[in-house]
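Subject: Structure handover

Hello,

Here is the structure you will be working with. Please open it first, then read my notes below.

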Amino acid sequence: MSTLAHIFEAEGLATIALGSIKSQIETAAPPRGLWCDFPLGRPLGVPSDSEFQHRVLGKALELLDSPEPIFAEYDVSIIDDGTEVMACPMPPRHDPDLHPAIDEANGIRPAYERAIAKYGNRVGAGRTVEADDITTAIDAFIRVADGIPWKEAGVPGIPARVSQDIRGYYETAALALSDHAPSAWAGTRWFLDHTEAGKVVMAARQAMADAGEMQPIWFYMAPGDR
Amino acid sequence: MADSDVKAMTANIDVVEFEETAFTTPVPLREAKVAIVTSASLHHPEDEDFSPMDTGYRVLKSQPRDYVMGHWSPNFDATGFALDINTVFPIDRLDELAAQGTIGSVADEHLAYAGNQFDLSAIRLDSGPAGAKFLKEQDVDVVLLTPV
């Protein structure tokens with residue numbers, strides 16, 4: 001963002017760059033930079049809170065009053081301590097003959113559709129794998145976790161992108177399964193640590209790492225601190 | 001896994017440092033046309049998705065607001081945007097500021113780039129200036145840049 005700010009400003013546009021990582025925005029030093037100590041993915045801070053978002057925007061727009069380059073820090077922080085997990089009541093096992101992750105993905109499909117109807121498909125399936133094929137993708141990762149090379153396991157695309165679709169499918173469904181708006185990362189922690197599909201994705205990722213696959217192929221299947 | 005852990009991973013990522021800081025004095029805010037440029041890889045469903053090393057941009061129309069997150073990085077929370085596009089792309093908030101007269105107007109078209117780039121040369125030399133030209137042709141005065 002800060003690089004674009006420099007470029008745009010040189011072309012005659014006045015810019016204000018928001019940044020979530022202090023060291024980056026300080027080093028890149030855009031002409032007008034506002035560091036907001038908010039979780040990654042939420043540069044305006046709080047979803048569905050227009051007053052909060054307006055306060056952030058108001059501070060950002062104030063920087064236009066400066067006659068010279070300026071860096072400012074927003075005075076409210078939103079800290080994720082890594083503990084909150086979405087509370088999602090999951091459907092009971094339906095078909096004991098299916099792998100638990102496949103049964104689970106089938107079971108949350110109605111919730112996924114409700115969330116899509118309410119919010120639209122903003123982060124759900126469809127980049128590489130459509131919702132109808134999510135169980136096929138999970139099935140392929142089950143085979144990878146069992147030791148089959150990913151190129152032979154039927155993974156329907158680049159593993160990182162396929163994983164992203166599965167995560168998006170689950171996190172979108174979670175919006176309809178839960179009765180509260182999740183704090184940042186609470187949906188991701190729920191998916192990775194508390195769902196059968198998340199366990200499959202992480203097991204497949206580990207199997208690929210253990211098999212010596214190129215790091216970029218498996219690393220981006222989950223957040224990098226995992 | 002905490003947000004700070006993910007942020008800490010970025011500590012060693014090289015950041016482009018500019019020797020000189022360009023600076024454009026804006027028109028008065030109440031007269032300014034404002035656009036949003038985000039690095040969240042947003043696009044309309046019918047538009048081309050971003051590829052892993054995509055240095056181009058996509059045009060985001062003000063309507064319909066059917067934006068899709070096409071980012072390749074797993075290293076951010078996506079549920080905020082799933083709940084409310086304004087968490088990343090505060091287009092409704094800008095509309096409200098324009099209605100109040102705080103800003104002059106909101107651009108009809110905005111831009112999205114892919115933020116997960118390690119080599120920024122193509123953006124510096126090509127798609128960045130091209131995006132600026134696109135916005136200038138719309139008489140945009142002020143750009144709000146938002147990351148994910």
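Chain A gives 71 residues to the contact with chain B, and chain B gives 64. Two residues are in contact if their C-beta atoms, placed from the backbone, lie within 7 Å. This is a predicted model: local features need pLDDT of at least 70, side-chain atom pairs count only at pLDDT 80 or more, and totals for chains, interfaces and linings use all residues. Residues are numbered from 1 along each chain as its sequence is written, while chains are lettered from A and ligands numbered from 1 in the order in which they are written.

On the side of chain A that touches chain B, α1 (2–10), β1 (14–19), α2 (22–28), α3 (50–62), α7 and α8 (186–194) each supply at least two residues. The largest share, eight residues, comes from α1(A). Helices (H or I, at least four residues) and strands (E, at least two) are DSSP runs, numbered from the N terminus. By class, this side has 36 nonpolar, 23 polar and 12 charged residues. Ala, Val, Leu, Ile, Met, Phe, Trp, Tyr, Cys and Pro count as nonpolar, Asp, Glu, Lys and Arg as charged, and the others, Gly among them, as polar.

Strands also link the chains. β1(A) runs parallel to β7 (residues 142–146) of chain B, joined by four bridges. Strands pair if DSSP finds at least two bridges between them. Ala17(A) stands opposite Leu145(B).

Now the helices within chain A. α6 (residues 134–145) and α9 (residues 196–210) of chain A pack at about 45 degrees, with axes 8 Å apart. Axes are lines fitted to C-alpha atoms, for helices over the stretch in contact, and angles run from 0 to 180 degrees between N-to-C directions. α6(A) and α9(A) are therefore oblique to each other. Under 35 degrees counts as roughly parallel, over 145 as roughly antiparallel, 65 to 115 as roughly perpendicular and the rest as oblique. Residues in this contact include Phe141(A) of α6(A) and Met208(A) of α9(A). The contact of α6(A) with α9(A) has 12 nonpolar, no polar and no charged residues.

α5 (residues 109–119) and α7 (residues 159–177) of chain A pack at about 80 degrees, with axes 7 Å apart. That makes α5(A) roughly perpendicular to α7(A). Their contact holds 10 nonpolar, one polar and one charged residue.

α4 (residues 100–107) of chain A crosses α9(A) at roughly 130 degrees, and the axes come within 8 Å. α4(A) and α9(A) are therefore oblique.

Best wishes
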